[in-house]
Amino acid sequence: MRAMVVPEFGGSPEPAEMPTPAPGPGDIQIRVEAAGVNPYDRKLVDGILKDRLPYDFPMIPGIDGAGTVSAVGPGATAFAVGDRVVGKFLVPPVGHGTFAEYITAPERQATPIPGQLTAIQAAALPTAGLTAQDLVDAAELGPGQRVLINGAAGGVGSFLVQLANAAGTEVIATARPADADRMIRLGATEVVDYTRAAVADSVLFTHPDGIDVLFDLASSGPELAELARVVRPGGIVYSTVMSADEAGLHARGLHGGNFESTGGAPELGRLLRLVAAGDVVVPIEAVRPLTDAPVVLGARGARGKTVLVL
C-alpha cells in the first residue's frame, strides 16, 4: 500500500510502499480517504511517547482518519464492509497511522460518518474537535460566563469558539487581524489582536472585572502565568500545551491546569451530530495530497485544519 513513512525519530515523512495491514480479532481494516493533520503528529514523530509506548519503524504518522471499512476481523460486529467511519486512531505500537492507504484499528475506536458529511470534513474532527468539546465539558461552560480563548485561529480554537458560543458564553478570541472576521463568524463577540499589545492589558482595558475562564492553546509557561492575571479569583485556566504551573494557579485561587483530551468514539459521535445538524462548522484551511505531508507537518501558525487526501 502507499504510505508516508519516517525512518527515525525526528525524521521527515517520505513516500514508501508498505505491507497492507490485516485486521486482527475485534479489528476493522479501513481504506483511508482523508487524514487530518495535528501539531501532535509532529510531536509523535519527534518521539513524545517513546518512554510510554513502543514505536515501530519505519513509522507511519497520523492519528485522525476517515474512510470506508474494507475488511472485518474475527469477532468484530459493529461495522460491515462498505461502512463509512472516522476516528482518532492511536494503537500501540506507534507507527501504523493514517498517512497510509489502509489502517487497522479496534472497532471501538471508530464512529460512523453521517451520510451528509464528506470524509474530508470527518477527518478534520477527531483530535481538534474532541479537545475543544472536552474543554467545554470540563469547564462546565454556561450562559453568563466570559471566556478568553488564546490561540483561537487554529484547529482546536476554531472549534472551541463555536462550542463556547453555543454554550451561551461571551467569547473573547485572540487572533491576527486577518482572522478577525472569521472569528466573529464562528461566534466570538470580541477579537483581540495579540500583535499590537499584550493580551492581558487589552482584555483588562475592556473588561476591568476580568474573565471567568481562560483556554490557552499556545502560551509558554511564563506567558500563561502573565495572562492568567485576567482571570477572576475562583475562575478556571486550562492549557492544552502543558504550560500551566498548576500549584501556582491554585495558590492564586484559580482552578484547572494542564489539559489532555480523553474523548473517544462516543464523544466523537456527539460532535459529528452537531456538524451534521449545522450547529458546528468544520474549519478546513487546506486540503493537500498525502505526499505533501512533509510540508504540512513542518508548518507553523495554521488557521483552521489541514487534511491530507489519498
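Predicted model: local features only at pLDDT ≥ 70, side-chain atom pairs only at ≥ 80, totals over all residues.
**Aromatic pairs**

Across the whole structure, a search finds five aromatic pairs. Two of them involve Tyr238 and are set out below.

| Pair | Geometry | Centre to centre | Angle between planes |
|---|---|---|---|
| Phe215 and Tyr238 | stacked | 6.5 Å | 5° |
| Tyr238 and Phe259 | edge-to-face | 5.2 Å | 65° |

The pair of Phe215 and Tyr238 links distant parts of the chain: Phe215 belongs to strand β13 (residues 211–216) and Tyr238 to strand β14 (residues 231–239), 23 residues apart. Phe215 has a relative accessible area of 0% and is buried. Tyr238, at 13% relative accessibility, also counts as buried, because the cut-off for buried is under 20%.

Phe259 sits in the loop between β15 (255–258) and α9 (265–276), whereas Tyr238 lies in strand β14, so their pair ties together parts that are 21 residues apart in sequence. Phe259 is buried, as is Tyr238.

Elsewhere, Phe9, Tyr55 and Phe57 are linked by ring pairs into a cluster. The face of Phe9 has Lys50 over it, at 5.5 Å from the ring centre.

**Second largest pocket**

The volume of the second largest pocket is about 180 Å³. Its lining comprises 19 residues, and Leu90, Val91, Pro93, His96 and Gly97 are those nearest the pocket centre. The elements giving two or more residues to this lining are β7 (94–96) and β8 (102–106). Of the elements, β8 gives the most, with four residues. By residue type, the lining divides into 13 nonpolar, five polar and one charged.

Terms used
Residues numbered from 1 in each chain as written. Heavy atoms only, no water. 1 Å grid on protein atoms, 1.4 Å probe; cavity = no way out; pocket = protein on both sides within 12 Å on 5 of 7 lines; lining within 4 Å. Points joined across faces, edges and corners; volume = space filled by probe spheres on them. Nonpolar A, V, L, I, M, F, W, Y, C, P; charged D, E, K, R; others polar. Phe/Tyr/Trp six-rings, centres within 6.5 Å; stacked < 30°, edge-to-face > 60°. Buried < 20%, exposed > 50% of the residue type's maximum accessible area, 1.4 Å probe, protein only. Lys NZ or Arg CZ within 6 Å of the ring centre and 35° of its normal.
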